[in-house]
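Subject: Handover of a predicted structure

Dear colleague,

Please find below the structure that I am handing over to you. I would be grateful if you would read the notes after it with the model open beside you.

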Amino acid sequence: QVQLVESGGGLVQPGGSLRLSCAASGSIRSINAMGWYRQAPGKQRERVAIVTSGGRTNYADSVKGRFTISSDNAKNTVYLQMDSLKPEDTAVYYCYGHISAPPTSGDYWGQGTQVTVSS
């Protein structure tokens, strides 16, 4: 069993910053990739950023230059530094991991953390 636990959401004014964290725990053999998705009310879930075990990163166009994803492989933790936040960044942010946990490997999700950007 694998658990992903997020922290760091909250309310911030436009132009402000937040840092999200997500720690994976359980019977983990290896982590292939971790990242963040978000879902705003009435919209589909979209990928925000992802980082592979090799350190490759990929960002949604809407967050490039403002968000930075990083990971601490020793702690099985991924971070999302969000700067220059905009009201349109308001959403529930979900941590994602593609994780090998014997006897299977697959996609795992956190419970979500609310990010609200408003004055």
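The notes below go from the whole protein to its sheets, its core and some single residues.

This is a predicted model, in which local features need pLDDT of at least 70 and side-chain atom pairs count only at pLDDT 80 or more, while totals for chains, interfaces and linings use all residues. Residues are numbered from 1 along each chain as its sequence is written, and side-chain values use heavy atoms, with hydrogens and water left out.

**The whole protein**

The protein has eleven strands and zero helices. Both kinds of element are DSSP runs numbered from the N terminus, where helices are H or I over at least four residues and strands are E over at least two. The radius of gyration is 14 Å, close to the 14 Å that the globule rule gives for 119 residues, so the protein is as compact as a globular protein of that length. That radius is taken over C-alpha atoms, and the globule rule is 2.2 Å times the number of residues to the power 0.38. Along the principal axes, the C-alpha atoms fill a box of roughly 45 × 25 × 20 Å.

Buried residues make up 42% of the 119 residues. Here, buried means under 20% relative accessible area, exposed means over 50%, and partly exposed lies in between (1.4 Å probe, protein chains only). Among contacts between residues at least 6 apart in sequence, 54% join residues at least 24 apart; a contact means heavy atoms within 4.5 Å.

**Strand pairing**

Four strands form an open sheet in the order S1-S3-S8-S7, with antiparallel pairing. Two strands pair if DSSP finds at least two bridges between them. S1 and S7 are the edge strands, each pairing on one side only. On average, neighbouring strands of this sheet are turned by 15° against each other, direction ignored. Such angles run from 0 to 180 degrees between N-to-C directions, with axes as lines fitted to C-alpha atoms, for helices over the stretch in contact. S1 and S3 pair in the antiparallel sense over six bridges, and valine 2 stands opposite glycine 26 in S3.

S4 has two antiparallel partners. Nine bridges pair S4 with S9, and tryptophan 36 stands opposite cysteine 95 in S9. Six bridges join S4 to S5, where arginine 47 is the bridge partner of tyrosine 37. S4 and S5 form a hairpin with six residues between them, and glycine 42 in the turn has a positive phi of about 75°. S4 is mostly covered, as seven of its ten residues are buried.

**The core**

Which residues touch the most other members of the largest nonpolar core? Of its 30 residues, they are Trp36, Leu80, Met82 and Tyr93. A nonpolar core is a set of buried Ala, Val, Leu, Ile, Met, Phe, Trp, Tyr and Cys residues joined through side-chain atoms within 4.5 Å. S9 gives the most to this core, with five residues. Methionine 82 touches Leu18, Leu20, Phe67, Tyr93 and Val115, among others, not counting residues up to four places away in sequence.

**Single residues**

Threonine 77 is found in strand S8 (residues 77-82) and is buried, with a relative accessible area of 9%. A polar atom of the threonine 77 side chain lies 2.9 Å from the backbone oxygen of lysine 75. Leaving aside neighbours within four places in sequence, threonine 77 is in contact with Cys22, Ala23, Ser70, Ser71 and Asp72.

Arginine 29, in the loop between S3 and S4, is exposed, with a relative accessible area of 60%. Arginine 29 and serine 100 are 71 residues apart in sequence, and 5.4 Å apart in space, C-alpha to C-alpha.

The peptide bond from proline 102 to proline 103 is cis, with omega near 15°; proline 103 is in the loop between S9 and strand S10 (104-109). Asparagine 76 has a positive phi, near 50°, in a residue other than glycine, and is placed in the loop between S7 and S8. Serine 84 also has a positive phi, near 50°, and lies in the loop between S8 and S9. Serine 84 is partly exposed, with a relative accessible area of 42%.

Yours sincerely

Definitions and conventions. Polar contact = N/O pair within 3.5 Å; in protein donor to acceptor, adjacent residues only side chain to side chain.
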